[in-house]
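Subject: Structure handover

Hello,

Here is the structure I promised to pass on. Please open it next to this email and follow along.

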Amino acid sequence: MKDEKLVSFGKNVRKIRKSKGISQEKLAELSETDRSYMGRIERGEKNITLTKIYQICDALNIKLVDLF
């Protein structure tokens, strides 16, 4: 069973990424994340570290609060 908070977070990452026209592969590269791991983040399958969240925010050029 997936944690709904993780699923919601992942959906927000995907929504923002797509709105900026960034591919999942490019976001993974910009945030120093493996592409398959980024996919698991977006599907809400991974409970990631705060450091990784900040890396994603930096890669998307957004504030932390925008992902929640």
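A residue counts as buried when its relative accessible area is under 20%, and as exposed when that area is over 50%. Keep in mind that this is a predicted model.

**Helix α4**

Start with α4, which spans residues 50-60. Its buried residues are K52, I53, I56, C57, A59 and L60. Why do they sit on the same side of α4? They cover an arc of only 165° around the axis, and that puts them there. L50, T51 and D58 are exposed on the other side of the helix. The buried residues of α4 pack against three helices: α1 (4-19), α2 (24-30) and α3 (35-42). N61 follows α4 and has a positive phi, near 55°.

**The core**

The largest nonpolar core has 16 residues. F9, L27, I56, L60 and L67 have the most contacts inside it. Two or more residues each come from α1, α2, α3 and α4. The largest share, five residues, belongs to α4.

Look at L60 in particular. Leaving aside neighbours within four places in sequence, L60 is in contact with V13, I16, R17, K20, I22 and L27.

**The aromatic pair**

There is one aromatic pair in the structure. The ring centres of F9 and F68 are 5.4 Å apart and the planes are at 40°, so the pair is tilted. F9 is in helix α1, while F68 is in the segment after α4, so the pair ties together parts that are 59 residues apart in sequence. F68 is exposed, at 64%.

**Salt bridges**

The structure holds four salt bridges. Three of them deserve a look.

- E42 and R14 meet through their side chains at 3.3 Å, N to O. E42 lies in helix α3 and R14 in helix α1, so this pair ties together parts that are 28 residues apart in sequence. E42 is buried, at 1% relative accessibility. R14 is partly exposed, at 27%.
- E42 also forms a salt bridge with R17, at 2.6 Å, N to O. R17 lies in helix α1 and E42 in α3, so the parts tied together here are 25 residues apart in sequence. Both residues of this pair, E42 and R17, are buried.
- E29 pairs with K26, with the closest N and O atoms 3.5 Å apart. Both lie in helix α2, three residues apart, about one turn of the helix. E29 is exposed at 54% relative accessibility, and K26 is partly exposed at 38%.

Through shared partners, salt bridges join R14, R17 and E42 into one network.

Best wishes

Definitions and conventions:
Residues are numbered from 1 along each chain as its sequence is written. This is a predicted model: local features need pLDDT of at least 70, side-chain atom pairs count only at pLDDT 80 or more; totals for chains, interfaces and linings use all residues. Side-chain values use heavy atoms; hydrogens and water are left out. Buried means under 20% relative accessible area, exposed over 50%, partly exposed in between (1.4 Å probe, protein chains only). Helices (H or I, at least four residues) and strands (E, at least two) are DSSP runs, numbered from the N terminus. The arc is that of the directions from the helix axis to the C-beta atoms. Contact means heavy atoms within 4.5 Å. A nonpolar core is a set of buried Ala, Val, Leu, Ile, Met, Phe, Trp, Tyr and Cys residues joined through side-chain atoms within 4.5 Å. Rings of Phe, Tyr and Trp (its six-membered ring) pair if their centres lie within 6.5 Å; planes under 30 degrees apart count as stacked, over 60 as edge-to-face and the rest as tilted.
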